[in-house]
Amino acid sequence: MVAIGDNELVERYQGVRLDHTNKHFYRGLLDRELRLSRCADCGWWHHRPKPICPRCWSSNVEATPVSGRGTIHLVIFLYQGPPADGVDYTAGPHPVVTVELEEQEGLRFTSTVVGSPNDDIVIGAPVELVWIERDGRPFPVFRLATAPT
């Protein structure tokens, strides 16, 4: 895998406020890898990216891939909203979920659920990370997880 340079990252995320703290998160998205911040000293995860660990105040924070598995912590259905690539509010309410990731209690990431009827998208449902294309870039979303066989 070839590392994406800062110039290409800025070009791919025009309109997004990029800095040295969040560039690793966005670079991970282009690699189809959800990288959230983890403190290398105390092991605490956090998201949104911050230069300092909110638990121990260490600046030894690294963007680290997560499994993408978790459970729905919060769900809302939008009947209208800002335009977004692939979102059609006239087709029905658009689900927005906050998922508590399995890496740590309280580590949450917000996106949507694809491939399921809205009636099946409920708090507590297990989900797993998948990727779609949005605005010409990989975009992390979730799908309902199936029970292990």
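The model is predicted, so local features need pLDDT of at least 70 and side-chain atom pairs count only at pLDDT 80 or more, while totals for chains, interfaces and linings use all residues. Residues are numbered from 1 along each chain as its sequence is written, and side-chain values use heavy atoms, with hydrogens and water left out.

Helices (H or I, at least four residues) and strands (E, at least two) are DSSP runs numbered from the N terminus, and two strands pair if DSSP finds at least two bridges between them. Strand 1 (residues 35–39) is joined to the antiparallel strand 2 by two bridges, and Arg38 has Trp45 of strand 2 as its bridge partner.

Strand 5 (residues 94–101) comes next. Eight of its eight residues are buried, so strand 5 is largely enclosed by the rest of the structure; buried means under 20% relative accessible area, exposed over 50% and partly exposed in between (1.4 Å probe, protein chains only). His94, Val96, Thr98 and Glu100 cover one side, with Pro95, Val97, Val99 and Leu101 on the other. Strand 5 pairs with strand 4 (residues 70–78) in the antiparallel sense over eight bridges, and Thr71 has Glu100 as its bridge partner. Four bridges, again antiparallel, pair strand 5 with strand 6 (residues 108–111). These two strands form a hairpin with six residues between them, and Gly106 in the turn has a positive phi of about 90 degrees.

Turning to the aromatic side chains, the structure holds four aromatic pairs. Rings of Phe, Tyr and Trp (its six-membered ring) pair if their centres lie within 6.5 Å; planes under 30 degrees apart count as stacked, over 60 as edge-to-face and the rest as tilted. Phe25 and Tyr26 have ring centres 5.0 Å apart and planes at 80 degrees, so this pair is edge-to-face. Phe25 also forms a tilted pair with Phe109, at 6.3 Å centre to centre and 50 degrees between the planes. Phe25 lies in helix 2 and Phe109 in strand 6, so the pair ties together parts 84 residues apart in sequence. Both Phe25 and Phe109 are buried. Ring pairs link Tyr13, Phe25, Tyr26, Phe109 and Phe142 into a cluster.

Finally, there are eight salt bridges, each a side-chain nitrogen of Lys or Arg within 4 Å of a carboxyl oxygen of Asp or Glu. One of them joins Lys23 and Asp6 (3.7 Å, N to O), linking helix 2 with helix 1 (residues 6–12) across 17 residues. Lys23 is buried at 14% relative accessible area, whereas Asp6 is partly exposed at 37%. Another salt bridge brings Glu128 and Arg143 together (2.7 Å, N to O).
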